[in-house]
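Subject: Structure for you to look at

Hello,

Here is the structure I said I would pass on. My notes on it follow below.

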Amino acid sequence: DRSGMRLTVEHLAGLGHQQIAHLAGPQDTSTGRERSSAFRQAVQGLGLSAGRGQIVVCSAYTEAAGAEATRRLLRSREKVTAIVCGNDLIALGALAVLEESGIRCPDDMSIVGFNNMAMVDRLTPPLTTVRLPLQQIGELSARLLLREIEGAPHTSGAVQTLLGVQLAVRGTTGPPRGAR
């Protein structure tokens, strides 16, 4: 989560975005809290503005929650040129509201998702998103489960494995209007 958010914010800042909002996942989930914290840290680390209104918490990891949060962000009149979403479903809701509002992506607003759901590369424009190593996660989980079933001796404490993520840069990100 941390490196995915860092890659995302660095990508947007590299395009010239200085006012970046975050549509955060629910804060009663570990991913929601972790990604929000990582977003704040990445923005501050690059010396960008991180006002309170630039983080809008979604009620769920759903398209409807992303749409509602995007409407709140637009009503707040925060001057943002890019939105980092807590997951791809939130991004889908954001894209729909931007289209309804006549805001073109990426010409007027850049959007980034998180998780690389199936078929987000087939959207128009294709969604820029953080690609998680889902196959590796599944393989590691299966190995741990098989060891448990086979009665392998327990290790003390939890098992933690860090896997790399990638930013899949596609069509929903571009330079802000003034930077072209």
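The side chains of His17 and Ser110 are joined by a polar contact of 3.3 Å. A polar contact here is a pair of N or O atoms within 3.5 Å; within protein, one must be able to donate a hydrogen and the other to accept it, and residues adjacent in sequence count only if both atoms are side-chain atoms. This is a predicted model, in which local features need pLDDT of at least 70 and side-chain atom pairs count only at pLDDT 80 or more, while totals for chains, interfaces and linings use all residues. Residues are numbered from 1 along each chain as its sequence is written, and side-chain values use heavy atoms, with hydrogens and water left out.

His17 sits in the loop between helix 1 (2-15) and strand 1 (20-24). Helices (H or I, at least four residues) and strands (E, at least two) are DSSP runs, numbered from the N terminus. A polar atom of the His17 side chain also lies 2.6 Å from the backbone oxygen of Gly174. Is His17 buried or exposed? His17 counts as buried because its relative accessible area is 1%; buried means under 20%, exposed over 50% and partly exposed in between (1.4 Å probe, protein chains only). Leaving aside residues up to four places away in sequence, His17 touches Leu12, Leu48, Thr81, Ala82, Ser110, Gly174, Pro175 and Pro176, where contact means heavy atoms within 4.5 Å.

Next, strand 4. Strand 4 covers residues 110-115, and five of its six residues are buried. Strand 3 (residues 82-85) runs parallel to strand 4, and three bridges join them; two strands pair if DSSP finds at least two bridges between them. Ile83 has Ile111 in strand 4 as its bridge partner. Between strand 3 and strand 4 the chain passes through helix 4 (residues 88-100), a right-handed β-α-β crossover. Right-handed means that, with the strands pointing away from the viewer, the path from the first strand over the helix to the second runs clockwise. Strand 4 also pairs in the parallel sense with strand 5 (residues 128-131), over four bridges, and Val112 stands opposite Thr128 of strand 5.

As for the whole protein chain, it has five helices and six strands, in the order α-β-α-β-α-β-α-β-β-α-β along the sequence. Of its 180 residues, 39% count as buried. Among contacts between residues at least 6 apart in sequence, 77% join residues at least 24 apart.

Regards
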